[in-house]
Amino acid sequence: MAAIAVAGTAFAPTAAAAAAATAAASDASPSPSPALPSGLYGSADPTYDGVWRQSLALLAQHTVGVTPAAKAVDWLAGQQCADGSFAPYRADATAKCDAKTMVDTNSTAAAVQALAALGRHDSAAGKAVAWLKSVQNKDGGWGYVAGGASDANSTSVVAGALAATGEKPADVTSQGGKSPYDALAELAIPCDADGGGAFAYQPDKKGKLVANADATAAAVTGALGRGFAGAEVQPTSDGVSCEAADDADGADPERAAQNGAAYLVESLAKDKYLKSALPGAEDQPDYGNTADAAVALATAGHRDDAADTVRWLEAHAAQWAGQSGPAAYAQLILAAHANAFDPRDFGGRDLVKELGATGPPAQAAASDSGAAKPQSQSQSQSQSQSQSQSQSQDGDDGGLGVWWIVGVGLVAGIGIGFLISGRNKRQRL
């Protein structure tokens with residue numbers, strides 16, 4: 001779910017944005033750690049995505065019946081700050097969090113989804129939700145950093161976290177009386193406008209909503225009260241179309257989600273994948289965002305419309321996952337599972353085994369009883385297309401579509417603007 005935005009505006013691929021990312025990398029990139037925690041998934045520098053990739057890895061394993069290693073779960077829980085929030089990575093988890101600790105809503109909400117699913121740390125998940133509620137914006141949404149302008153991706157991942165702990169997102173309201181669904185409704189593009197049905201990440205500098213496929217994929221699941229793993233919701237009408245999402249009672253989040261699904265179906269119709277919005281990579285696929293879109297369509301009750309996209313991922317995404325790490329494997333597993341494909345035989349690859357190899361050995365591995373046999377699988381693995389130069393072969397990337405770029409590395413789940421605006425905000429505190 002890559003939220004592609006810079007400093008609170010919709011992101012347009014420009015040389016200036018690339019320069020900003022490079023500057024952020026030169027200012028903020030740490031030296032690689034010589035020894036990573038034994039409970040952590042992935043071998044790349046976890047500074048910007050440790051909690052995110054760990055959360056997705058644990059959630060994906062749980063979804064397909066694998067019991068993760070206890071130390072992997074304990075490592076995630078141990079990253080939590082005393083106030084309930086999570087930073088992307090704390091090398092010394094025994095040190096107290098302070099004003100310099102870069103906590104964020106995305107890491108916190110991702111951790112909640114994983115911990116709630118595993119059921120071993122309900123107290124930690126509840127404390128994290130309490131923190132998320134405490135930093136809810138007046139419009140009902142969340143930005144990447146506490147107090148930042150609401151965006152579709154952050155609001156959606158938090159909505160998924162709320163639902164994972166038994167909360168009803170519609171009932172979690174701000175001091176202004178607004179819920180996450182109200183915030184998402186403000187980012188939904190009307191059917192008769194350019195990009196109708198889609199969601200914007202944030203309004204641009206002029207207040208215009210610009211369609212963003214990644215934000216749309218996130219918002220479809222978020223508006224349906226679901227998280228990363230999805231969970232099918234029976235659509236209220238047959239077919240996929242865009243219809244007015246307002247009624248006498250105000251915004252209808254389910255209708256807005258179905259409109260978003262219609263936009264995704266149209267976006268995927270020609271090539272079966274979503275194109276990268278990174279500078280210089282306009283004609284290349286974005287594997288992570290494509291996987292997120294497949295989960296969103298399945299969640300909205302449109303598996304048939306996602307099937308060709310999942311088959312495309314079978315044939316083309318394995319190399320990307322191998323290069324990008326745990327979060328990428330997790331995204332593919334969740335996309336396969338949500339659409340009744342077999343993640344243990346995905347284009348001839350066992351994604352569950354390959355994900356497991358990036359971290360500590362699991363406690364147990366059961367058959368994926370929740371997934372049906374594949375609808376259709378490719379008989380051979382085609383040569384994977386190369387990903388944008390912005391993706392490091394050693395990086396752990398969730399595609400974000402998380403939903404995250406620092407210099408030459410992508411961090412799952414966060415866009416350039418998240419890191420730049422978050423770092424600047426801390427400097428102003």
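## Helix 5 against helix 6

Helix 5 passes helix 6 in a left-handed crossing. This is a predicted model. On the helix 5 side the contact is made by Val129, Leu132 and Lys133; on the helix 6 side it is made by Val158, Ala161 and Leu162. Sorted by class, the residues of this contact are 5 nonpolar, no polar and 1 charged.

Helix 5 covers residues 122-134. Its axis lies 10 Å from that of helix 6, and the two pack at an angle of about 135°. Helix 5 is therefore oblique to helix 6.

## Helix 3 against helix 4

Helix 3 (residues 70-78) packs with helix 4 (residues 105-118) at an angle of about 135°, and their axes are 11 Å apart. Because of this angle, helix 3 counts as oblique to helix 4. The crossing of helix 3 past helix 4 is left-handed.

Val73, Leu76 and Ala77 of helix 3 meet Ala111, Ala114, Leu115 and Leu118 of helix 4. The contact of helix 3 with helix 4 consists of 7 nonpolar residues, with no polar and no charged ones.

## Nonpolar cores

The largest nonpolar core has 68 residues. Within this core, the residues that touch the most other members are Leu58, Leu76, Leu115, Phe228, Leu313 and Leu332. Helix 13, residues 326-338, gives the most to this core, contributing 9 residues. Apart from this core lies another, of 28 residues; Leu184, Ala219, Leu268 and Ala306 are among them. In soluble globular proteins, nonpolar side chains tend to be buried together.

Neighbours within four places in sequence aside, Leu115 is in contact with Val73, Leu76, Ala77, Phe86, Arg120, His121, Ala124 and Ala125.

## Ser179

Ser179 sits in the loop between helix 6 (152-164) and helix 7 (180-186). Ser179 counts as buried because its relative accessibility is 5%, and the cut-off for buried is under 20%.

Definitions and conventions. Residues are numbered from 1 along each chain as its sequence is written. This is a predicted model: local features need pLDDT of at least 70, side-chain atom pairs count only at pLDDT 80 or more; totals for chains, interfaces and linings use all residues. Side-chain values use heavy atoms; hydrogens and water are left out. Helices (H or I, at least four residues) and strands (E, at least two) are DSSP runs, numbered from the N terminus. Buried means under 20% relative accessible area, exposed over 50%, partly exposed in between (1.4 Å probe, protein chains only). Axes are lines fitted to C-alpha atoms, for helices over the stretch in contact, and angles run from 0 to 180 degrees between N-to-C directions. Angles under 35 degrees count as roughly parallel, over 145 as roughly antiparallel, 65 to 115 as roughly perpendicular and the rest as oblique. A crossing is left-handed if the near helix is turned anticlockwise from the far one by less than a right angle, and right-handed if clockwise. Contact means heavy atoms within 4.5 Å. Ala, Val, Leu, Ile, Met, Phe, Trp, Tyr, Cys and Pro count as nonpolar, Asp, Glu, Lys and Arg as charged, and the others, Gly among them, as polar. A nonpolar core is a set of buried Ala, Val, Leu, Ile, Met, Phe, Trp, Tyr and Cys residues joined through side-chain atoms within 4.5 Å.
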